[in-house]
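Hi,

Here is the structure for your files. Please open it next to this email.

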Amino acid sequence: RDYRFYTKDLLHPNEQAVEYIWEKFKSSLIDHKVFSDMKIIEKIQKQLQHRQFIRQAQENSKLTEQIEEIQHKYPWMEF
């Protein structure tokens, strides 16, 4: 048991552990062709989480274009 991957209660995984597991999962089970799309989606999600950015996002044509492009590739995805 490697305790550096646990929170103080020594029961739950910490952020480092979650990131490590996600990277292993991603590299072994997700097609590498979609990694670039995943990075774009992550960037969009981070931008939309900022309250002050929400107003700017509506005016930001680059972000709007990125969202439309991703939704064209993945019609089920909503932002």
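Below are the findings, starting with the ground rules.

This is a predicted model, so local features need pLDDT of at least 70, side-chain atom pairs count only at pLDDT 80 or more, and totals for chains, interfaces and linings use all residues. Residues are numbered from 1 along each chain as its sequence is written, and side-chain values use heavy atoms, with hydrogens and water left out.

Core. The largest nonpolar core has seven residues: Ile41, Ile44, Leu63, Ile67, Ile70, Tyr74 and Met77. Such a core is a set of buried Ala, Val, Leu, Ile, Met, Phe, Trp, Tyr and Cys residues joined through side-chain atoms within 4.5 Å. Helix 4 gives the largest share, three residues. Helices are DSSP runs of H or I, at least four residues, numbered from the N terminus.

Ile44. Leaving aside neighbours within four places in sequence, Ile44 contacts Leu63, Gln66, Ile67, Ile70 and Phe79. Contact means heavy atoms within 4.5 Å.

Rings. The whole structure holds four aromatic pairs. Rings of Phe, Tyr and Trp (its six-membered ring) pair if their centres lie within 6.5 Å; planes under 30 degrees apart are stacked, over 60 edge-to-face, the rest tilted. Tyr74 and Trp76 are edge-to-face because their planes stand at 65 degrees, with centres 6.1 Å apart. Tyr74 is buried, at 18% relative accessibility. Trp76 is exposed, at 64%. The cut-offs are under 20% for buried, over 50% for exposed and partly exposed in between (1.4 Å probe, protein chains only).

Best wishes

Note on methods
Helix = DSSP H or I, 4+ residues; strand = E, 2+ residues; numbered from the N terminus.
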